[in-house]
Amino acid sequence: MRRLAPVLVPLLVACSTQSPARDEPAPLVRPEPVPSASGAPLETAGESTDAATRAIVDTHEHFAHTRAPVPGKLPYFRRRGNSQEIVLTFDCAWVPEDRGLAVLDALREVNVSATFFVAGPFVIGPKGVVNPATTRLVRRIVEDGHEVGNHTRTHPHAAPTVDYGAELGSLEASWRSAVAAAFPEGAPRAAQMLPLWRAPYGEYDARALSAAAAAGFATHVGWNVDLQDSIGLPACPAATECLSAERETQKVVRFARASPEADVIVVLAHLGAPYGFGRDPKGIRELVRTLRAEGRTFAKVSEVLAP
């Protein structure tokens with residue numbers, strides 16, 4: 001599989017909603033400090049020279065840029081022109097088909113391409129084979145020109161027992177199987193998974209980043225704006241603390257306006273979220289209309305990574 005050329009800058013963090021029935025999560029491990037974007041590349045004892053010196057990019061920097069204003073220049077992002085770039089990313093794990101299709105329909109309508117981070121439940125069915133419930137979504141993601149990154153096979157909380165290399169490698173293989181099922185006539189080249197990954201729950205450490213890089217996923221993609229559409233908030237107007245497509249749009253617009261110097265704003269959403277971000281006209285459609293009217297453009301992650 002051909003991969004993007006490594007992004008040669010040093011270090012810098014789901015489409016999922018919560019599963020209706022989950023096993024007990026692994027114990028949470030607080031992220032270990034890692035070098036900032038201005039530090040030296042990670043080196044991990046016991047790894048080969050190639051893996052130890054592999055350039056690792058972490059655009060999350062442990063939630064460093066999730067509050068506005070975001071700095072104007074970060075070493076791992078660059079805008080393509082004079083406009084601030086907005087990147088929509090969707091984590092995909094437990095996704096009802098109708099919700100996923102609604103998001104894809106909205107993106108197609110406003111002519112925006114996004115980046116989807118795929119986890120095991122999205123492509124692996126209950127019997128351990130290709131998930132037939134998402135075959136249409138897989139095909140649409142590819143046909144509509146979106147790109148795909150890795151969100152791990154089991155969507156684990158960070159723990160010393162997590163084998164990130166196996167998690168990412170297994171998910172990549174499962175994505176290929178899902179693509180083969182969605183394109184029986186032959187998978188297009190655009191269906192290839194890019195060497196981008198995102199840690200579930202934003203939990204990761206230096207060991208996770210090094211293991212991911214050794215598995216071929218050296219670029220860890222975080223976010224600036226979390227729509228918080230996977231934490232179980234009630235739908236508006238059920239409560240004061242609630243969520244709706246309109247509130248999701250307002251959150252992104254406020255953040256972008258409060259960070260006018262930032263080259264790139266990355267939005268975290270979940271493809272299976274229940275708040276109508278794709279269906280409601282005040283969701284994706286209003287978001288794109290508003291930000292485009294203010295001179296901003298939309299891009300995929302791969303289009304705004306610094307060379």
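Helix α4 is followed by G145, whose phi is positive, near 85°; helices here are DSSP runs of H or I with at least four residues, strands are runs of E with at least two, and both are numbered from the N terminus. The model is predicted, so local features need pLDDT of at least 70 and side-chain atom pairs count only at pLDDT 80 or more, while totals for chains, interfaces and linings use all residues. Residues are numbered from 1 along each chain as its sequence is written, and side-chain values use heavy atoms, with hydrogens and water left out.

Within α4 (residues 135-143), the buried residues are L137, V138, R140, I141 and V142. Buried means under 20% relative accessible area, exposed over 50%, and partly exposed in between, with a 1.4 Å probe and protein chains only. These buried residues pack against α2 (97-110), β3 (115-118), α3 (120-123), β4 (147-150) and α5.

A nonpolar core is a set of buried Ala, Val, Leu, Ile, Met, Phe, Trp, Tyr and Cys residues joined through side-chain atoms within 4.5 Å. The largest one holds 81 residues, of which L88, F90 and F122 touch the most other members. Its largest share, seven residues, comes from helix α5 (residues 164-182). Beyond four places in sequence, L88 has contacts (heavy atoms within 4.5 Å) that include L107, V112, V267 and F298.

Finally, four aromatic pairs turn up across the whole structure. In one, the ring centres of Y76 and F77 lie 5.2 Å apart with planes at 75°, so the pair is edge-to-face. Phe, Tyr and Trp rings (for Trp, the six-membered one) pair if their centres lie within 6.5 Å; planes under 30 degrees apart count as stacked, over 60 as edge-to-face and the rest as tilted. Y76 is buried at 0% relative accessible area, and F77 is buried at 9%.
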